[in-house]
Amino acid sequence: MAEHISLAVIGGGPAGMAAAIAAYDSGVTDVTVFERDDELGGILNQCIHNGFGLHSFKEELTGPEYAGRYAGQVKKRGIRCETGSMVLSVSPDKRITVVSKEKGLRVIETDAVILAMGCRERPRGALNIPGMRPQGIYTAGTAQKLVNCEGVLPGKEVVILGSGDIGLIMARRMTLEGAHVKLVAELMPYSGGLKRNIVQCLDDYGIPLKLSHTVVDIRGKRRLEGVVIAEVDGTGTPIPGTEEYYECDTLLLSCGLIPENELSISAGITINGATNGPAVDETLATSIPGIFACGNVLHVHDLVDFVSEEAGRAGRNAAKYIADKGARVNEPHIVKLIAGNGVRYTVPGMIDTANTGEDIHLRFRARNVYKGCTIKVSAGDNTIVSKKKRITVPSEMEDIILKPETLGGIDGDITVEIEEGSV
Amino acid sequence: MTDKRHEYDIAVIGAGVTGCAAARELSRYELSVIVLDRESDVCEGTSKANSAIIHAGFDAEPGTLKARLNVRGNSMMTELSRDLDIPFIRCGAMVACTDEADLPKLDELLERGRKNGVPGLRILSSEEAHTKEPALADDVCGALYAETSGIVCPFGMTLAFAENALANGVEFSLSNEVKSVTRMQDGRFVISAEKGDITAKCVINCAGIYADKIHDMVCEPSFTINARRGEYMLLDRSAGGIVSSTIFQLPTKMGKGILVTPTVHGNLLLGPTAEDIGDREDTATTRGGLDTVRRISALSVKNIPYNQVITSFSGLRATGSTGDFIIREDEKVKGFIDAAGIESPGLTSAPAIAEYIRDIVAGIMPLREKADFIPTRKGITLLAMLPDEERAELIKQNPAYGRIICRCSSVSEGEIADSIGRPLGATTLDGVKRRTGAGMGRCQGGFCSPKVMAMLAEKLGISIAEVKKNG
């Protein structure tokens, strides 16, 4: 007889913890969180800087503090957590294969699964940066783990490629630890990180940020000796003659995060090509009934507060799915959400307008920097939401709330678009 | 030179696949053998960065050593992979022709293959080829199919030879660069290396791209080695199933073409370029080279997901000036044996080169078989390759197999501990990667490297900061 649990939450980071808590509070007590690391918290445990929790707790917490609040709530409820446990596969009929030191390899049947595996950093190879392959090249998150958790400073003379938030945070961190950060180069004409991080992590320390620049060569046989930086044109192609050599022993890469969906793909879940995460509806249900997704495995977030909020919804919806045995009250009426002008993607990608309950958080990213624009959500001639924005940037996720009552009677697709310069 | 500990019958210079295969072959006999290498691990040069193909043997010019040893080496692989636990799959290969005018060249290749004694060759029509490999480009109008062609883990192969040689008494002296080789009055050689001098009755030069330099230390120059760089791209396992066999391109006036092949780890490998460069240390990839790999690979296989590239690398082929493998005892300096110019199909030929070297050694000194030769070797048990039941059973025996360190390739603490703890074990991150696959997946060690560094540091008794990527 295979072991059975009602709800399996895969991942014990901020998404997994919030999802488990919400599911538990909605009546699903037979829930287990599977976490591959030795403790709950996920990547927050290495994020020792503050700035977490402004939305959720109205105070500035460090990553471990933020994680600790949720871990405390998990513990208080007595929710089962299996740390040091890695889920190896999820089957379409929601059986999971888990491996751990203590319990070996088991197959567990479940009623519902919440995917909360997070994301990974894009490595050098995926960036196709040519050159040598010496020691001294790290993704920013790996360097963060080494500095903050292992007490190892990876190098002294540092160049950072990519202005993602972890790269910016690490520019400050390495500086505080005594390293010399010479430059942050960013391929795009705009930063990949939050404005506040540019100010607090680069400007405050006099670290230059060069937009529309990239690394075109890496030198050094055993240890990194230097990198060549060049300006790029509008297509991202290096401009000959703009090359500059920077002597350095360390190159950090902060060039994007990729939702970690190998389990989702192996289960046969439909993936959204724009987010690299599962395609979900307003309940955060994936294409396989009973499997939900939240947090960075669904789409990469900027703020953990948004992750926790989203995961709470996934937890409540999973609980509802279990309670209702998958049935929906009304005959489903699915409306698609279309990423229109200036919008890269939307989460969710569809809404069942016949069964809406909670407010719907519509999250998306702009394709580019738009100033003085209007975000418009509409179905045909019917404008559902129109919201003026001083500026939208790709690095900051937009969050629009759709009231269920505004969706009644909508037939046909809902389009989300950014109208530039409209008054 | 009175210290007996430093006197050997045979000194092999170079711990690449050729040197390790030769050492393993010679370990069958009552001989004292030492292998020296400048790097801290075996398989650190050409052997680690190549196409990882066990070639069928239709490519080489009939009558050459390359042709003969390729076909012999290929025929040895089934048994060898079983005896030495080498990851090897006989997946077959196609030479794809994309221009009808070139179709007669497929017949020429077939004919050449038959002359070389390659079994299992046949010509496929466009339809047959596409049925076998649906991802072939629409332009492919015919192909030569070679059923004996295969793919191998080049690290696994080199390590297998090295570990088995070690088990049979061969000594390995790593991080020990050879500085000079001289011949004494009595015919023995003195090899001065970083860690001191040794003497040997016979020297086997398997020094790869430096084979001419080693040769010239004690012999009259008779050949040169040119470093010919090849750049590759490796794609994630999600792209590994695009083709099931190795797809070569028919050489055209535009060049030899770029191969597209699955790897034994389930990834997809594209490459190599071919560029003669002066610098024997320059293993850089270049924008132009990677662009070429991308552009040319698309000629034979369609819809390659280039966004799934997880790493790119380049290797240096040791291209000899004679055009063929140079495997011979020096005419004047008796007892000095070159195994030089070992470029493609060097990996395939390695076990046959080893036999060939053994026969040369037999002409120099008597070879007596050991009664207690151990013919087999067991590699690190890689759990991801096993069915669930076997995996569960192994975790019961060793719980460390239940703790996953490398999530992308599902490599456990137990496997990594084995890779570090076993004889000739890993001492660097790259060493662990080559032995277990940890860090070889889609995140390229982003998550697991701090953990692997901690395990290496503990085992080696150094701080985490001192753990090296390689060397």
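What follows is a short chat about labels and the values behind them.

Tutor: First, this is a predicted model, where local features need pLDDT of at least 70, side-chain atom pairs count only at pLDDT 80 or more, and totals for chains, interfaces and linings use all residues. Residues are numbered from 1 along each chain as its sequence is written, chains are lettered from A and ligands numbered from 1 in the order in which they are written, and side-chain values use heavy atoms, with hydrogens and water left out.

Student: What makes strand β12 (residues 196-205) of chain B largely enclosed?

Tutor: Buried means under 20% relative accessible area (exposed is over 50%, partly exposed in between; 1.4 Å probe, protein chains only). Seven of the 10 residues of β12(B) are buried, so the rest of the structure largely encloses this strand.

Student: How do you know that β11 (residues 189-193) of chain B pairs with β12(B)?

Tutor: Pairing takes at least two bridges found by DSSP. β11(B) and β12(B) have five, in the antiparallel sense, so they count as paired. B:Val190 stands opposite B:Thr199 there, and a hairpin through two residues joins the strands.

Student: And what links β1 (residues 7-13) of chain B to β12(B)?

Tutor: Six bridges, running parallel, with B:Glu7 opposite B:Thr199.

Methods: Helix = DSSP H or I, 4+ residues; strand = E, 2+ residues; numbered from the N terminus.
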